Amino acid sequence: MLVLKFGGTSVGSAQNIKKVTSVIKTINATQKNLAVVVSAMGDTTDLLIEAAVNASNRQPVFKEMFGYISQSHMDAISGLLEASEAGAVSEYVSAILDELEEILDGVYKIRELSPKTLDTILSFGERMSAYIIAVYLKNTGLDAEFMDARDFIITDDNYGYAMVDFEKTGKKIEKAFKDRTGIAVVTGFIGSTTSGHTTTLGRGGSDYTAAILGAELGAKEIQLWKDVNGVMSANPRRVTKAFPIESLSYIEAMELSHFGAKIIHPPTIQPALSGRIPIRIMNTLYPEFRGTLIHDSSSETASAQVIKGITSIDDIALLRIQGSGMIGVSGISSRLFGALAAEKINIILITQASSEHSICIAVMPNEAEKAKKTIEKEFALEITMELVDKVIVEDKLSIIAVVGEKMCMTPGISAKLFKALGINGINVIAIAQGSSELNISVVIKKHDLEKALNAVHDAFFLSDIRTLNLFVLGCTGLVGSTLLKQITEQHQKIIENMKLDIKITGLADVNSMMFSDTGVPVSELKNAIQSSGVKSDLKAFVSGMRKMNLPYSVFVDCTALPNVYDLYSDILSSSIYIVTPNKNAASGPYEQYKKLNEAARGHNTHFVYETNVGAGLPVINTLNDLINSGDKLVRIEGILSGTISYILSSFVAGTRFSTIVREAKKLGYTEPDPRVDLSGADFAKKILILARENGSTLELEDVDIQKMLPESCFNTATVDDFFAELEKHDGHFENLRVKASDKGCVLRYIATFENGKASLALREVDQSHPFYHMKGSDNIVAFTTERYSQTPLVVKGPGAGAEVTAAGILADIIRISNYN
């Protein structure tokens with residue numbers, strides 16, 4: 001015997017019923033005796049409730065709802081059966097509908113809807129669907145018969161959620177199915193009292209009906225056919241990477257269902273557990289998929305997976321009872337839970353401090369105020385005597401539960417959970433874990449729920465593939481567009497070699513901005529921003545990024561805008577990483593630099609600006625490695641401008657200084673106005689950043705800039721005037737070059753940090769100096785330390801250009817993933 005159950009969606013239309021029939025035929029080919037439990041068609045149950053409530057409120061709209069129910073069932077009959085065969089079925093169903101209409105009219109007239117009457121009304125959905133399906137199965141050649149579960153599932157009279165009398169039910173089922181062969185099509189969800197009054201088993205009752213039948217009949221397996229591929233590792237509406245779980249133990253399934261997994265209802269599992277009958281969750285639309293098997297954990301085929309699923313209760317309230325009068329006093333818990341039980345308040349989660357100073361309980365939000373008053377009434381005397389505080393209620397909270405029967409044998413589960421939450425800035429308000437270690441439950445802010453579910457799911461199930469969500473500002477600029485190009489080109493390689501999935505979830509440039517929860521496909525990055533149609537707004541972009549609240553989010557500022565860093569603090573406080581080549585933040589006011597780095601540390605995130613100094617060169621990281629390893633800095637020297645590097649390395653005998661500058665501009669090494677590069681202002685920012693990384697509190701104005709050019713060159717009105725003025729000083733620069741050459745030296749414009757002071761100056765260096773042999777537009781930095789005292793540690797290479805800068809940004813992004 002196999003017991004199959006098909007839910008409302010699976011039997012929601014004639015087309016779907018045909019698919020169900022195909023599944024039944026396939027199974028019936030090898031398994032002749034079947035019990036097929038069916039729910040009401042589609043949303044019939046919801047419509048019946050709505051019609052009944054409207055009728056009791058004297059709202060004539062209930063007739064429209066009845067009409068829709070009637071029409072949908074008649075449509076199903078005509079879609080399944082030929083006209084010659086449909087007549088008798090339509091007549092039978094019409095009689096049932098007449099009875100339903102009569103009851104609804106009665107409710108309308110007396111303006112009363114008792115739980116008993118509502119149960120009777122709700123039973124019509126299953127009674128009609130089961131009869132229609134039984135007739136259709138028989139019409140297709142199957143040996144099928146309609147059976148009304150009210151004839152054998154006996155319950156008490158707790159209408160709406162009736163309790164099954166298993167002793168009487170067992171005897172009735174045995175009698176009803178004795179010597180029966182073929183396919184029994186059974187109404188789900190409904191039963192009856194010993195006096196014959198119709199009852200319902202609560203939501204999910206059709207699953208429960210199947211489990212009761214399976215247990216009493218000793219079925220080989222109970223198959224619950226739904227519209228999903230089984231129990232998922234998380235809610236797929238919230239976690240896009242959720243996947244079907246291959247197997248669960250009965251206990252794991254109950255834990256998941258208690259904490260919000262909707263695919264199976266807790267009562268369903270108990271009869272199957274008692275009879276050790278396996279339950280399999282199958283998909284009507286994908287019948288060849290084996291779904292999820294719920295069975296005995298001692299089974300040889302039980303999965304070795306430690307964590308089976310992550311689930312949540314989306315909205316709860318937390319009540320905290322605390323006070324010195326609770327410490328060491330027996331009976332406190334008994335009084336607390338007894339008072340709540342007397343008021344029929346369901347407690348979802350309990351946690352108590354080991355000091356006994358406080359107890360926290362979680363309840364549904366609609367019961368929070370009632371629970372608060374109940375507790376304060378019970379402990380009124382202690383509250384008056386100030387032994388117990390007034391109850392504190394926190395709302396807008398959620399519970400996440402990590403479930404797995406093998407957690408008790410595996411160290412490190414809690415550490416992995418709390419690390420995933422911590423690095424994403426998700427505060428844990430309360431924690432509960434039973435001694436059986438079946439699950440760890442944490443209470444968090446409801447606002448963080450989706451972010452937390454994705455972060456925890458990644459940590460436990462996708463730890464080999466990490467995901468970063470990038471929000472790129474300046475995405476169409478030279479550096480930003482190059483970064484996106486490199487990500488596109490390297491995307492698959494990064495996934496394969498580094499196990500890192502970089503998703504672009506936000507883009508903004510000067511004109512437009514856009515967001516995508518699931519990430520813009522790399523193939524569409526080039527055109528995504530142009531087609532967004534949303535006007536760009538810096539504050540709105542940052543606000544949108546924060547509201548999305550995605551795990552492992554990274555803000556990439558590819559601009560040189562001076563006002564963006566005003567928003568950095570808010571970004572970091574949202575536990576969003578920042579990667580940027582924009583040096584305005586790190587070289588701005590020292591207090592701002594300090595505040596941003598403290599914000600990053602305080603919110604367990606990172607503010608990464610390696611590309612501020614040497615583009616793709618590892619300058620800042622090298623300095624920090626030296627410092628962190630205990631070395632002491634003596635001096636930093638650097639040529640930190642590709643423009644100036646090119647000009648001075650090209651300035652040799654037989655050339656004119658002004659001609660070299662013109663050539664640099666023509667090659668694109670300088671800004672459109674070369675005075676910007678030659679002023680040393682950008683150069684000064686870079687040495688300042690390096691000084692600050694070494695612990696200095698210098699401001700930009702503290703950097704002693706000895707300008708490379710005469711002041712008259714900077715006071716010109718236009719670029720042409722500048723070059724005209726510069727030509728007047730060619731002799732001056734030639735004299736400097738010759739003077740240096742006579743000493744065996746060359747001219748270099750060098751930034752220096754030494755003895756707490758930073759400066760820029762044109763200097764003569766001989767062949768012993770690492771800067772002597774500089775060529776082209778490379779940058780170079782030399783670190784002289786206690787360990788590197790005789791020969792400095794040198795970092796050298798291209799220090800400017802879109803390709804190397806973008807590569808440096810991408811390296812920083814990848815590096816951030818390793819922090820996790």
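Here are a few questions and answers about a sheet and some helices in this predicted model.

Q: In what order do the six strands of the open sheet stand?
A: Let's start with the sheet, where the pairing is antiparallel. From one strand to the next, the twist averages 30°. Going across, the order is 12-13-11-14-16-15.

Q: Over how many bridges do strand 11 and strand 14 pair?
A: Strand 11 covers residues 309-322 and strand 14 covers residues 392-403. Gly309 stands opposite Val403 in strand 14. The two strands pair in the antiparallel sense, and the count of bridges is nine.

Q: Which helix packs on the sheet, touching strand 11, strand 13 and strand 14?
A: Look for residues 368-378. The direction of this helix makes about 35° with that of strand 11. It's helix 11.

Q: Are helix 13 and helix 14 parallel or oblique to each other?
A: Their axes come within 9 Å and cross at roughly 135°. Angles over 145 degrees would count as roughly antiparallel and 65 to 115 as roughly perpendicular, so this pair falls among the rest. The two helices are therefore oblique.

Q: How many nonpolar residues are in the contact of helix 13 with helix 14?
A: On the helix 13 side, the residues include Ile413, Leu417 and Leu421. Helix 14 brings Val456 and Phe460, among others. By class, there are no polar residues and one charged, and the nonpolar ones number nine.

Technical notes
Residues numbered from 1 in each chain as written. Predicted model: local features only at pLDDT ≥ 70, side-chain atom pairs only at ≥ 80, totals over all residues. Heavy atoms only, no water. Pairing = 2+ DSSP bridges. Helix = DSSP H or I, 4+ residues; strand = E, 2+ residues; numbered from the N terminus. Axes fitted to C-alpha atoms, helices over the stretch in contact; angles between N-to-C directions. Contact = heavy atoms within 4.5 Å. Parallel < 35°, antiparallel > 145°, perpendicular 65-115°, else oblique. Nonpolar A, V, L, I, M, F, W, Y, C, P; charged D, E, K, R; others polar.
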